[in-house]
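Here are my notes on this one, in the order I'd go through them with the structure open.

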Amino acid sequence: MEALQVLEHKHPLKLVDLQLQLQYEEEEEEEEEEEGEEEEDDDNDYDLVTKEGFRGACERCGEEINVYHRYYYKCMADSSCDFSLHKFCGEIPTRLESAFHPHPLTMFMLRYNWSCNICGSKHKPGELRYICFECEFWIDVNCAVDIRKRIIHHPCHPHLLTCAITKPVLCDCSACGRRQEGMFYNCTTCTNFTIHNECAFLPEILKIQEKTDGAFHHTHPLTISYSFPREDQKAKHDPRCRVCGHSFYDMENLWIYKCDECMYYTHVDCATSRREPFMSIFLPPGVGRTSKNYKVGEHPHLVHLPFPDETYSLPKHLFFQQTDHHHKVNLTHISHKHPLILVDHTLSNGQTSSSSWLLKCHNPMKKTQLLCNGCLRPITATMPFYRCATENDDQIQGVCNNFALHEWCTRLPPIIENHPGHPQHTLHLIYSNIPGCKFDVFKCNVCYLHCNGFAYGCVQCKYYVDVTCGLIPKEITHKAHPNHLISIVNVDDRDDHISCYMCRRHHTPRQLSFRCDTCDIYIHPECALLLAKTVRHKYDKHPIKLSYLPIENHKSEYFCEICEEDLNPHQSFYHCKDCVQSIHTACAPLILQSETHTYINYWRSVYEFVNIKFGGIQKGHLTFAQGLMSDGECENCGWGVQYEMVFKRFDYKFAIHYRCYN
């Protein structure tokens, strides 16, 4: 194209394609990165954020020139001369015929101050105008080319977009999906494509914390993407918006901001904080995740989850008396036929057997495990507990050799009224001999986990729950969804689409669940109450922390160190940032098991036998245990016993399913 000459500038102008130039610069940068020539310094992030192509002011209309205008004219003569024009401003004709005036208008440059007869804007000498010499009518360039300025070349769409309507309208935006009122850019070729003015000029790259006043943070700049196809969502494990927590499932054609390196994805409205307080487009005004939706003083007994570690539990939270060291040294408890004796590291009772019990207490660093027969949570040497006083009697066999109770589990309430899962009848504490249950193993009606600890039950309705679910709080808070009150509810039969916010798995109809009324999210009781904040094992000197989101700057694919299977980082998992190791939440208890029989249950987030205490000798010298591959098949039905509850002998190969044993 030939050079352009204009009245107000002495040098010729050349046409520049901004989008082609930006693409060329990006290709050059990629080549430099591959060759290792790009310097790594602290300013890289800043350059990446601010570089969005050329931005300057048009000398004729005074408005910004940016990449969405695509073309502009710049001075050819001197690199120090920054004279620039929009393409549509540079190419306006010197003679203009328009419906707003009966005579032709001629481009002219006045040497004195003047005002536009259309908009009333005041102008200085030397600024261009269109003039009708017959009527002494003049208008400025902005009014003359107004319709041309409302045409943009947007990279999200193959056709030109025009803002043809000059008055605000109510319309659905094809970018954010929200119905908005304002000015819209429309495609004249595709009749159903409209973009709100705010969305049309969103930055290509931004840092989310700069837009959210620090409410949400991400180390890397986020890049705009004009779609999020289902194939890409599946490849990234179906992520949720990092701000509002909702999925992108039915939004594959809407815009997002993303950091693929960290699997950080967010809706454009969430990233740019278009509503105050900061929250997503899915919540009503005045509701925000960064502020509490409850008053602390009105909920004095609120349970804050997750618990610090796996030794902490709901019974401990409710009944542990930290200042009470006057526990009975000897105790007769209805849960056990033999007397119980106190084991407390703070007391010196002179019993060598108690010292040996302290050595076999729960210690992940030494791969020892001791569970309470009541709540099935670990017993450590730092907490008071009771053990069977007749453990060394050779005449005593069965479960006495590892029977133990937390001190607080000896003080569990005998009845529970108005349990949220069974409010019609009182639930009674049952220690053993649960009706209809073999070897005291029952399936909890809240978490649906097998359990052989204490139970709260209604014999009339055959409704039984484990101790934790029996004491389940009606309200909690959880760090997976901070600042909001989460209440216990019954999942409706019709809500079969509901998934847990932590594990992403579906809820069972009529199942109790924790729900945030503000955000309409749900958390399984077992995910909230049984997944501790940290776990430990002997092969990592660091505590492994519970994570709810992909880890920033994670360089490799996610897989579980225990079962060596794929791991979805959008589901809750345990992670050691120092060692860059990740573990399924369901695999975490297997740290204490033999590494040769790893296990993963794909339909729940917790280890299936987390409420089962294995061990104890039954008649025929059979031990209650979890089956291994080396145990072969069941002696009764012939099916494999791996990952099943079994009775087996260790002196020779014999195993039978728990369900097959009579």
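Helices, as counted here, are DSSP runs of H or I with at least four residues, and they are numbered from the N terminus. With that in hand, on to the points.

1. Helix H9 and alanine 271. Helix H9 covers residues 268-272, and alanine 271 sits in it. Is alanine 271 buried or exposed? The relative accessibility of alanine 271 is 0%, so this residue counts as buried.

2. Confidence. Keep in mind that this is a predicted model. Mean pLDDT for the protein chain is 80, and 82% of the residues reach at least 70. Two stretches deserve a flag. Residues 37-52 stay under 50 in pLDDT, and the model gives them 21 contacts beyond four places in sequence. Residues 276-287 also stay under 50, here with 34 such contacts.

3. The chain overall. I get 13 helices and 44 strands in the protein chain. Of its 662 residues, 50% count as buried. Among contacts with a separation of 6 or more, 56% are between residues 24 or more positions apart. The accessible surface comes to about 33200 Å², and carbon and sulfur atoms account for 49% of that.

4. A four-stranded sheet. Strands E18, E19, E20 and E21 form an open sheet in the order E18-E19-E20-E21, with antiparallel pairing. Strand E18 (205-206) and strand E21 (264-267) each have a single partner strand, so each is left with one side that has no neighbour in the sheet. E18 is joined to strand E19 (residues 222-225) by 2 bridges, and isoleucine 205 has threonine 223 as its bridge partner in E19.

5. Strand E20 (residues 256-259) pairs with E21 over 4 bridges, in the antiparallel sense. Cysteine 259 is opposite tyrosine 264 of E21. The E20 and E21 hairpin has 4 residues between its strands, and methionine 263 takes a positive phi near 55° there. Which way do the E21 side chains point? Tyr264 and Thr266 go one way, Tyr265 and His267 go the other way, and all are buried.

6. Nonpolar cores. The largest core contains 149 residues, and those with the most contacts inside it are Ile195, Trp255, Leu412, Met502, Ile523 and Tyr574. Helix H13 (residues 525-530) gives this core its largest share, 4 residues. There is also a second, separate core of 13 residues, with Leu105, Met109, Cys132 and Val141 among them.

7. Salt bridges. Side chains of opposite charge can pair when their charged atoms come close. The count here is 13 salt bridges. In one of them, arginine 411 meets glutamate 407 at 2.9 Å, N to O. Arginine 411 is partly exposed at 28% relative accessibility, whereas glutamate 407 is buried at 5%.

8. Salt bridges towards the end of the numbering. Glutamate 644 pairs with arginine 659, with 3.4 Å between the closest N and O atoms. Because glutamate 644 lies in the loop between strand E42 (622-626) and strand E43 (645-649), and arginine 659 in the segment after strand E44 (654-657), the pair ties together parts that are 15 residues apart in sequence. Glutamate 644 is partly exposed, at 29% relative accessible area. Aspartate 651 and arginine 649 form a salt bridge at 2.4 Å, N to O, and aspartate 651 is exposed, at 55%.

9. Backbone spots to look at. The peptide bond from leucine 305 to proline 306 is cis, with omega near 5°; proline 306 lies in the loop between strand E22 (303-305) and helix H10 (314-319). Leucine 376 is not a glycine, yet its phi is positive at about 70°. Leucine 376 is in the loop between helix H11 (352-359) and strand E25 (385-388), and counts as buried at 2% relative accessibility. Valine 580 likewise has a positive phi, near 55°. Valine 580 belongs to the loop between strand E39 (573-576) and strand E40 (581-584) and is partly exposed, at 47%.

Conventions. Residues are numbered from 1 along each chain as its sequence is written. Side-chain values use heavy atoms; hydrogens and water are left out. Two strands pair if DSSP finds at least two bridges between them. pLDDT is the predictor's confidence in each residue, from 0 to 100. Contact means heavy atoms within 4.5 Å. A salt bridge is a side-chain nitrogen of Lys or Arg within 4 Å of a carboxyl oxygen of Asp or Glu. Buried means under 20% relative accessible area, exposed over 50%, partly exposed in between (1.4 Å probe, protein chains only). A nonpolar core is a set of buried Ala, Val, Leu, Ile, Met, Phe, Trp, Tyr and Cys residues joined through side-chain atoms within 4.5 Å. Accessible areas come from the Shrake-Rupley method with a 1.4 Å probe; for residues, only the protein chains shown count as cover.
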